Structure formats: C-alpha cells, structure tokens
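Hi everyone, thanks for coming. Let me put the model up on the screen so that we can walk through it together.

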Amino acid sequence: MNAVLDSPDLFLKAFGYTVFLFLVSGVISVVLGTLLVAMRVGPVAILSRAATVYITVVRNTPLVIIFLFFQLGAPKVFQTLRFSWVDIHIGPYDFTSFFTAAVVALSLYTSCFVCEALRAGINAVPLGQAEAARAIGLPFSGVMRQVVLPQAFRAAVPPLASTLIALLKNTSVAGVFGVIEAAAQMKSFTNDFASERTGIFIMFALGYVVLVEIVSAVATVLERRWRIA
Amino acid sequence: MAAGVLFDSPGPATRARHRTYGIVTVVALVVLVGWVLWRLNETGQFEYDKWEPFLTPAYIRAILVDGLVVTLQMAFSAIIGAVVFGLVFGIGKLSDHGILRWPCWLVVEFFRAVPVILLIVFCFYAVFGGMNPLSSRTYWAVVLALTLYNGAVLAEVFRAGINAVPKGQAEAAYAIGMRKYQVMTLILLPQAVKIMIPAIISQMIVALKDTSLGYVVAGLGLTRVAKSIYPQFQNHVPTIIVIAAIYIAVNLLLTWLATWVQKRFVGEKDVLQVSMVGEQTAEAAPIPGAARTD
C-alpha cells in the first residue's frame, strides 16, 4: 500500500488513461451502436442481416482476441491499421498507436452490446407510439428520430449503463496491450513490491469501484430525471 | 416491439426503393469483403505455409487438447465454483439478519465492480504465488478470479430468481408451519432453479470468453496455444481467425443450449438478467415489454 501512496502520480496517471480510454471508446461505441441498431430494426432486410451477423461474430469473440487482431493481425494486412499516424501528446498523456488500437478494439466490441441495449430500449417503447407516428404520416426516419429513439434512449439508460460499466472494466485489457492504464500499473507495482501485493490490489480495486459507482450514480440520476411518466 | 410496427408495409414505390438500398448494400458489402480478401491475398495470408499448422494432425491435436479442452475446463470449474459462491452470497443477501446481509452485499458489489484482470493478477502473484508448475498456477489463478467475478454476478441472479417466485408460495409455506430454511430449500429454491439455469448457461459464455484474460499472466488454453503457434509460422492472421472461430462456435452452441433450456423448461422468452444500476436492480422483470421482443 505504501508503494502506491509513495507515488500517487503514477496511480492517478494510470487511472487517467483508464478514464480517457473509457470516454473515447464510450462515445464511439454509443455512436456505432446507434447506427447498428438502426440497421438492425430498419426495413432493409440485407442491412439488418449484415448487422446481425456482425454482432453475432464480434460478441462471441473474446475481447483479448479482438485486441490481438488489432495488435498483430490487422497491421500486417492494412498499413493504416498500424495507427502509426496517431501521435498526440496532451500534458503528461501520450496517445499513440497502442492507445488508438485499444480504442478501436474496445469500441467495436462494445458497440455490439450498446446495440443490444438500445434494442431492449426500443422494445420497451409502447407499440401505440410507433403506430401513432406512422398514422400521422412520418416515414421510418421520422418514426425513429422523433418518436421511438428519444423514448428508447430513456428506457435504455439502465442496460446502456451496464454496458458502459462493462466497458470501463474492459479498458483493463488495454493494459495487456501496451497502454499503461490502471491494470498495467497495478501489475507493475505487484511485480516491484512483492510484500505489499494485497494492499496494492485493494487500492487499485477501490479506484475501479469508485469509477464504477460514479457511472452508476450518473445513470441512476439520468434514469430518474428522464423517466417517462 | 416487433420491428414490423416501426414502418408501414411498403407499397410498390417503397419496395423499389428498398430494393435499391438492398442492391447498394450488397454491392458495398461485396466490395468491402472483396477488398479485404484482396489485401489478405496481396499480403500472402492465404499461402499454404501459413495455414499448414491447422491441417497438421499434431497441431490440431494441440489446439483441441491443450487449447479448447483446457479452456472449457477452466470455464467449467469457474462456473461450478461461481454457482456455489453465488448460492451462498445470493441467499446471504436475502437474509433477515443485517449482520449477514451487509457483508454479503459488500462482497458481491466489490467483485462485480473489479475488473477480472485485476483479480487474475492478484490471484496469480499473491494467492498462488508459490505454486508450481506455471500452468497449474495460471489455471488456478484464472479459475479463482472467474469464480469470484461470476459468483458475484450469479449471486444477483439467484437473488432475483428467488424473488421472482410468487410471494404466495412462501406465505403458504409459512402458513402450514414450515421453518425458514424449509421454505428456502423445499419451496423457493426448487422453483427458482428452473428460472436460473438458462442464466447460468449464459454466464458460462461470459466465463468462457473471460478465460482468455489469462493472457495477462502466462496464458492458458486457446490463447496460450495461439501464442505458441504464430511466432513459429509468422501466421498471425490465420491463427487469430482460427482461434476466434473456435470461440464463436462454442459460444453459439452454448447460446443455443441456453435458449433451448429456456424454451423447454422455463417457457418465458427472456433469460433472467440483472442490471448494474437503477433501483430495480435485480428485480426479476428486466424491462417492461421486453418479453415482446420480435
């Protein structure tokens, strides 16, 4: 535990990377997931089929394998997917190819679960809403954009939050693939200070618990505020 | 809501438009897939040398025995442990005594919030630090970590399952003079188990996927085998494709099993799920109307 308390900067910087990974991939996966759910419930049968196949494949693949793919596989086939063109430095944080590959893997993986969460939300919108929207002559895009999705997003807050919490915990996989975020930092502390392993584990675990509780609290507040009467 | 209510049944003009969209999609997908295949071919990913290990009996055997079987063993051991852990803490959380309920709540919430990787690292270095050989040390670290995590999730599932049994059942049992443990073991659990089994199988899929997280320490099972194949043959892409395909096949099999059990023994369409947030956490009904899924 002293090991962590003696170098709080390392501890905080590591969790900084965790938060960055979470925020960037969170936004991307919500956008991608929304696109996927539109394809999935839309009237074009082939788009819907394609989305289903994509989701089935990605959801059933372990995240580690997806990370491996973007670390070792994809760069051999596509130059761009080396992500060597990404080199951003903000303050003490370096966002390089490792960070980008992690964001891509996390976003692709999470977007499937976001899609499923939103679909659960769409299913929770009463049938009459869509029927009424159609009755006043809205096209599919209007039905979705103006009537169903705004309600679906509200109903989807709890499952969406569960998905995002899972994403937050999954950012730890990036630690295995070159990003020095909390899990990687914890492993390096664990290696360096053999006598303090339990304390180190508890400190880092509590860091995650705090982050999870924050996301969960935000979701609970949003859910209450947006609840459909 | 069935997808069908989101749009009117298409007329001739819309059908033509959808056909156009369909054709554009097909063309775009064909171009995309074709381009990927062309790049794969261009970079020599289809060369026989790269696929040779997956056609060689010795390697196939290694993939299946050292890979798949070990992975399944880890997932299965973890799920067995998780069911025990989940039963103890799930029932503990339902206890009438605060002194029992609160510690159980704390343990469950803690292990639900901590990433599995952290647990694996901790188990590997601190709990099983002195264990030999390396493979069994990794094995038990992964199994213990997955037991704790999945056990915490299952504890919530069990609690929800027990709460889902109609109230009258417990009331009737108390009325004919049963004791608390009799009500639990004779009335509530037998009925709840039925609802829980599909959820346990679904959790098995999670556990199976998470066994790959052993990669953070020494790695074991399918990921370990992959790790030893591609340095030899420089065939990262084919190896990843093959390993991913095995995971997908096994997971689809488990998904199908969960759905079948659900239909055969439970009857309701949706597998019991618990949310991480909101007050309705672990109430049995997940989302109103969810049962109407297409």
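First, some housekeeping. This is a predicted model, where local features need pLDDT of at least 70, side-chain atom pairs count only at pLDDT 80 or more, and totals for chains, interfaces and linings use all residues. Residues are numbered from 1 along each chain as its sequence is written, chains are lettered from A and ligands numbered from 1 in the order in which they are written, and side-chain values use heavy atoms, with hydrogens and water left out.

Let's start with chain A. Chain A has 10 helices and 2 strands; here helices (H or I, at least four residues) and strands (E, at least two) are DSSP runs, numbered from the N terminus. Along the sequence the order in chain A is α-α-α-α-β-β-α-α-α-α-α-α. The C-alpha trace of chain A spans about 70 × 45 × 30 Å along its principal axes. Of its 229 residues, 53% count as buried, where buried means under 20% relative accessible area, exposed over 50%, and partly exposed in between, with a 1.4 Å probe and protein chains only.

What does the record say about chain A? UniProt, in an unreviewed entry, lists "domain: ABC transmembrane type-1" at residues 15-219 of chain A. UniProt positions are given in the numbering used here, feature names are shortened, and annotations may be inferred rather than shown by experiment. In the model, residues 15-219 of chain A are 77% helix and 3% strand, with the end C-alpha atoms 21 Å apart. The unreviewed entry in UniProt also gives "transmembrane region" at residues 14-39, 51-70, 90-109, 160-180 and 200-222 of chain A. Take two of those: residues 14-39 of chain A are 100% helix and 0% strand, with end C-alpha atoms 37 Å apart, and residues 200-222 of chain A are also 100% helix and 0% strand, with the ends 34 Å apart.

Is Ala130(A) buried or exposed? Its relative accessibility is 0%, so Ala130(A) counts as buried. Ala130(A) and Met144(A) are 14 residues apart in sequence, and their C-alpha atoms are 8.3 Å apart in space.

Now over to chain B. Chain B has 10 helices and 0 strands, and 47% of its 294 residues count as buried. The domain assignment, which is automatic or from a database, gives domain 1 (11-39) and domain 2 (55-288) of chain B. The C-alpha centres of domain 1 and domain 2 of chain B are 40 Å apart.

For chain B, UniProt's unreviewed entry lists "domain: ABC transmembrane type-1" at residues 68-258. That span of chain B is 84% helix and 0% strand, and its end C-alpha atoms lie 20 Å apart. The "transmembrane region" feature from UniProt, again unreviewed, covers several stretches of chain B, including residues 21-38 and 139-162. Residues 21-38 of chain B are 100% helix and 0% strand, with the end C-alpha atoms 25 Å apart. For residues 139-162 of chain B, also 100% helix and 0% strand, that distance is 32 Å.

How far should helix H6 (residues 134-164) of chain B span? At 1.5 Å a residue, its 31 residues should span 45 Å, and the end C-alpha atoms are 44 Å apart, which agrees; the expected span is 1.5 Å times one less than the number of residues. Of those 31 residues of H6(B), 24 are buried, so H6(B) is largely enclosed by the rest of the structure.

Chain B has its own alanine to look at: Ala173(B), in helix H7 (residues 167-175) of chain B. Ala173(B) is buried, with a relative accessible area of 3%. The C-alpha atoms of Ala173(B) and Leu188(B), 15 residues apart along the chain, are separated by 9.6 Å.

On a 1 Å grid over the protein atoms alone, a pocket is an open set of points where a 1.4 Å probe fits, with protein on both sides within 12 Å along at least five of seven lines, and lining residues have an atom within 4 Å of a point. Of the 39 lining residues, the closest to the pocket's centre are Tyr54(A), Val57(A), Val58(A), Phe69(A) and Val36(B). H1(B) gives the most to this lining, with 9 residues. Domain 1 (11-39) and domain 2 (55-288) of chain B both give residues to the lining of the second largest pocket, so it lies between them. Thanks, and over to you!
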